[in-house]
Amino acid sequence: RGDYVGIVSCSDGRKENERESIEELFKVLKQLELKVIVSKHIYTRDSVFSGNRFERAASLMELYEDCRVKAIFDISGGDLCNELIDCINYSTIAKNKKPFFGYSDLT
């Protein structure tokens, strides 16, 4: 209770028509007394992506670097997340260990 969790989208960006159900997720997390930090790269822009691979990786790394965040949830699936492999700072992740939840290639 009272912990911060991060929400990110490392693969496909969420479509605008999913906004209502994503907002419902945020409400549920808040009902569980969690504080939510949402990546600025969640929703699609001009393609299936919520940002280029560097922007999406930076959003993930911001959550790892934020000492308030106790866990990270990726809500995007995984088919496009492999683009981020060479953009991630693995030593930062090692220094800031926290659970990362996702599915498909994200696991």
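Helix α1 (residues 19–31) lies across β1 (4–8) and β2, running at about 145° to β2. Helices (H or I, at least four residues) and strands (E, at least two) are DSSP runs, numbered from the N terminus. Axes are lines fitted to C-alpha atoms, for helices over the stretch in contact (heavy atoms within 4.5 Å), and angles run from 0 to 180 degrees between N-to-C directions. The model is predicted: local features need pLDDT of at least 70 and side-chain atom pairs count only at pLDDT 80 or more, while totals for chains, interfaces and linings use all residues. Residues are numbered from 1 along each chain as its sequence is written, and side-chain values use heavy atoms, with hydrogens and water left out. Helix α2 (residues 53–65) lies across β1, β2, β3 and β4, at about 170° to β1.

The four strands form an open sheet with parallel pairing, in the order β2-β1-β3-β4; two strands pair if DSSP finds at least two bridges between them. Strands β2 (35–38) and β4 (100–101) are the edges, each pairing on one side only. Two parallel bridges join β3 (residues 69–74) to β4, and F100 in β4 is the bridge partner of I72.

The loop between β1 and α1 contains R14. R14 counts as buried because its relative accessibility is 15% (buried, under 20% relative accessible area; exposed, over 50%; partly exposed, in between; 1.4 Å probe, protein chains only). The side chains of R14 and E18 make a polar contact at 3.4 Å, that is, a pair of N or O atoms within 3.5 Å; within protein, one must be able to donate a hydrogen and the other to accept it, and residues adjacent in sequence count only if both atoms are side-chain atoms. Apart from neighbours within four places in sequence, R14 is in contact with S9, I22, I42, Y43, T44, I75 and S76.
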